[in-house]
Each structure stands twice: as structure tokens, then as C-alpha cells.
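Thanks for coming. I will go through a few local features and then the packing.

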Amino acid sequence: MPEHDMPDPDSAKCNGQRRGLLRFFSGIFRARTGRYTLAALVFAAGSAAAININTQIYNPETRQWEQYDPNRAIRYFQQHGQTPAAFQRKIVTFRTAEKPGTVVIDGDKHFLYVVLPNFQAVRYGIGVGREGFGWAGIVNVGRKAEWPVWTPPAEMVARDPKAAKYAGGMPGGPDNPLGPRALYLYEGNKDSIYRIHGTTEPWSIGLNVSSGCIRLHNDDIVDLYERVEVGAKVIVLMQGAALYKGV
Amino acid sequence: MGGHEIHELAPMNKLTVPFFALGLLVTGATATRAADVVIGVPDWSSATVTAHVLKALLKTEFGLEAGLEFGTNEAIFAAMDAGTEDIHPEVWLPNHSSLNAEYVLRRKSVVMSPKGVPARQGICLTKATQDAYDIVSVNDLTDPDKAAVFDTDGNGKGEIWIGAEDWSSTKVEKIRAKSYGYDQTMDLLEAPEAIAVTAIDAAIAGDKPLVFYCYEPHHTFELHDIVFLDEPPYDPRKWTVVMPDDDPDWLEKSSAGVAWPPSFFHINYSSKLANERPDVAAFLSAIRLDVDTVSEMTYALIVERRDPEEFSAQWMADNADRIAAWRKAANH
């Protein structure tokens, strides 16, 4: 399914995205001048519909801009039945001073780590929405939810009849774009509007091409949910600021 | 880390962000009203750790209850000037020279202990990066091909973390980048240390090239194989550093295309404390720390997350002779 037909998976974030359209540009400016800002580089929910075939994604491995073709990612997933091995959950060495239970998100590499004792971590592959890039910061898990309700933002309800029928909230379930679990990221006691959640688009793991925040395989978000406590620190690392062009 | 005049997490724009592990060490230890002595605690790891050890020393040696008060360097100096705080555990030179000039030399409300711990600051990268890409000198960062090794956003320029936005050292690193010329090949990033340090952890785990401002002692050197990039030695004739507070054209008027001058950090304390408790002041001036000691303490408290009180008690027991020698020196 082309991305622009997908409902945006998180109402609070989507509201933030709308407000964040201008911040998208100011975010790039700040990053260019070298200051990472949390909640910068936010892509407006409304503009998800405007994504076009000229979108390119920067691949940090090859240091090349590559044409984004969602169908290619879908085909890969259908052929292999899973995402590339690098993005499958595994235990890795992770030497850090951060305490076990801390979450580290490395958007460049499309990895999310949960620190374990003895310099180890669980590493998950992640898909990162455009709004997930361009900010760095330290937040915390303010709350967790099983089978979270997804409520489309008002602007999506207005423009998308499919979303409109869920204006009052889409119950949790296999078709819910948040997937089976969600971790809500807070700054202190305040909702940051960012979430870590599951996905109905497993082919998007390892890419930063989909709408949504930080998404994991549904099996992985369930695993992560069990490992991370409310109050856990979440460190979002610095990363390239302009990972898209043509959008 | 040297010289970090942090006010708050300004780089984070709308959201303020808690400081990293250090904050955990300070949390719960800030009940200062009932304290006999107040130690100001800046945000970097070694200063936080030394603050805890000083707190324990003041208790056992003098029976004083010390409170820990988190704050910026400017705030701690101002509080010592006002008499509401008593000790800064780790004042870096040359980074805090201007604060020393104001409060130690001009106002004479703060005293700098005479013996500093030698320290080092510069540009570091992971050893794996150095080996893979043959990047050994700061001048290599001016090579566009080598700088591009650190490019994560596709603009052809690498990225380098130069410190937190409000650190004085960050201003100097901007000057150095301009003077060496890698401001043309690299994007200079500012962010809180907590993020930068964790980025090193992730770069090692993910085999990703990384280059960054660094200072020693720091627990990251104990965790990872990190190396300094070579630089021409410090030359005072090539070190012209004008700070933004002194001149709006500070960057244009500055030049520093050489290594940092030899750096030291000292314990500072208020003149008020020196007047009221000259025995305590003399003891603070007699303390002799060194890089290995600070590194050991930092690793224990930051990486191993030892309980500060438990660790301090153990450390004092293990170093009883050393502490006795400080007491003896203070009494002469």
C-alpha cells in the first residue's frame, strides 16, 4: 500500500506534526548550524499525502541518495518473509555507563538498544518516520499501553474518509497502526508526542520511510514492552539532519 | 570535561532534558539548608564524583554535613561569592580562567587551591575509526574525503560533536575548527554530553565512524578504545581566544590552530569558608588528586554505579595514609 494511503499511526504525534511543519525547516537550519533540537525536523501529517515518487532516502552505508520505492521494500519482505538479518532482534555487546533498562535509539543505523547488565544490550531493528529524524534528546517512558487505541488527528479525519470513521478512536487490534504495544515518551511529566510502537507495515523496519514515530516489529515491541519500565530513560542520538530530499 | 559552563539544556529547544547519569548521583543529595557546607556540583562526571568524595571527607575528617547543589559554573562561582555555597570541586584551567579572574583575582571572594590535576582535552575518535580510515591528525579532518567518513546526512560533510552549547570549551572548539579549517569540511554539532557519550557507546557497538571533542579524565576512556588526534603543540603565539561575552566578533578575531594549552583542574572554595573554617580550607588546599585517582573514582560511580556513600567510605579506608598526609600538610 502506498504510504500516503496509510493512516498516520498516532494522534498526539500527528497533531504535533501539523504544528511542526515549520519546525521541519527550522530544524534543518538548526542542524546545519549544529544544534540539535528535540521536536525539530517534524514532518507534517498533512504532507504525508504529498509524498511523491521523487522522494529519496540517504543511505548512510553507501553514503548515496537512493530512490524510495515502497513497493521494493514490500516485495523484499514478501520474498523473504522477514526483514534483513541485521534488523532482527539479537543480544549484542554494548559497553555503556547507562543502567540496564535504558533505551538508546540510533536512527542512523536503524537500531534501538535496551541496555542489559554486563555490557550487553538487546538490539532491535526499527523503522523511523521522517519526524523521528533530526532531533536528539533524552526523554523517558511516561506510560505504556497494551493494544493502544489510535485516534486520528482532526486534520486527517477531515481529509481522509477512512480515518474519519475512527474519529472517536480506533480500538486496539491487528489492524491498528500502533500495533500491539506502545511506549509513550515524556519529557519530565509532559507528553513529548513521540511514541515507540509496533507496526502494520513490517516491511518498513530498517527504513526511515514510513509515517509514524519509532516502530518495531510487533513481536519486538511486545518484547521491548516487557523489558522497559515506566520511567526508563530513552536517549535519542544525534543523526543526520537531512535524510530526505524531494519530499 | 573542561570548562563547561552549562546553564541548562538549551540545545534541546522546547523540551528540557535531564542530564545523564550524573543527575542520578546528585538527585536526593541536594538538601542543602541543613548542611554545614555546600558543594556546588557542575554536570560532568569527574566533578560530580569528586563532590561526593569531598562530602564524605568533610564528614569523617571534620564532622561536617555537606550538601550537594547542582548548578552551572557561573552559578556556583556566584554562590561562593554570595556565601551561599562553599566549594567547587573541579575548576578547569584554562577553561574557567575568566571566572577565576573575576572571583579569585578581582573580587577575592573565591580561593583556588594551589595544586591542580593535569588534564587533557582535544579531538578524539574511536581507535577502530583511526585504523580503518587512517585518520591520525586533526588536519586530516580538512581532507574532504576523510571528513566524509563522518557524513551521516548526505551533504558531503562530516559531523563532529564539539561540546554542549553553553560550554566555554565549545566556543574554543569553534575557534579551533575555523583555525584548522575543518569548519569547511565538517558540520559542528552541539548537544548535551549525555547524548554524545552514548553516541560513542553506540558507534562502538554498531561499528560506526565517530569523531568528537573529548577530555581526560573521563570514564569513556575506560569503557572504550579511544585515541586523541595529533595536533601541533600549544603555542601561546598562535592562541588568540576571544569569547563571545567580550566581543561580538569573537570568532573572527580569534585564532587557535594548535593544541589546547596544558590543562589543569583545581578545587576552589569561598573566602567565607576560609575565614570561618581555616582548617577546612587548608585541608582542601592540601588535597592531592591525580588522573588515575579521578579516573578510578569516576569509573566506580558512573560506570559501575556504586553507591556514592559506600564507595567513598571504601575509598577513604583504602587511602587512609594518603588522607592523613593531606591532614598533616594542612596543619603546617
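This is a predicted model.

How much of α13(B) is covered? Mostly covered is the answer, with ten of the 13 residues buried. After the helix comes B:R305, and its phi is positive, near 55 degrees.

Next, the cysteines. A search over all chains of the structure turns up one disulfide. The partners are B:C124 and B:C214, with their sulfur atoms 2.0 Å apart. The torsion about their S-S bond is about 70 degrees, so this disulfide is right-handed. B:C124 belongs to strand β5 of chain B, residues 117–126, and B:C214 to strand β8 of chain B, residues 211–216; the pair therefore ties together parts that lie 90 residues apart in sequence. Are these two cysteines buried or exposed? Both B:C124 and B:C214 are buried.

The largest nonpolar core has 88 residues, and the members touching the most others are B:L57, B:L58, B:I87, B:L284, B:I287 and B:W326. Which element gives this core its largest share? Helix α2 of chain B, residues 45–62, does, with nine residues. Two domains of chain B, domain 1 (10–118 + 264–330) and domain 2 (120–256), each supply at least three residues to this core. As general background, nonpolar side chains in soluble globular proteins tend to be buried together.

Last, a sheet in chain A. Ten strands make up an open sheet with mixed pairing, and the order is β3-β6-β5-β4-β12-β8-β9-β10-β11-β7. At the edges stand β3 (90–93) and β7 (127–128) of chain A; each has a single partner strand, so one side of each is left without a neighbour in the sheet. Within the sheet, β5 of chain A, residues 111–116, pairs with β6 of chain A, residues 120–125, in the antiparallel sense over six bridges. To pick out one position, A:L112 has A:Y124 in β6(A) as its bridge partner.

That is what I had.

Key. Residues numbered from 1 in each chain as written. Chains lettered and ligands numbered in written order. Predicted model: local features only at pLDDT ≥ 70, side-chain atom pairs only at ≥ 80, totals over all residues. Heavy atoms only, no water. Buried < 20%, exposed > 50% of the residue type's maximum accessible area, 1.4 Å probe, protein only. Helix = DSSP H or I, 4+ residues; strand = E, 2+ residues; numbered from the N terminus. Disulfide = S-S within 2.5 Å. Pairing = 2+ DSSP bridges. Core = buried A, V, L, I, M, F, W, Y, C linked by side-chain atoms within 4.5 Å. Domains from an automatic or database assignment.
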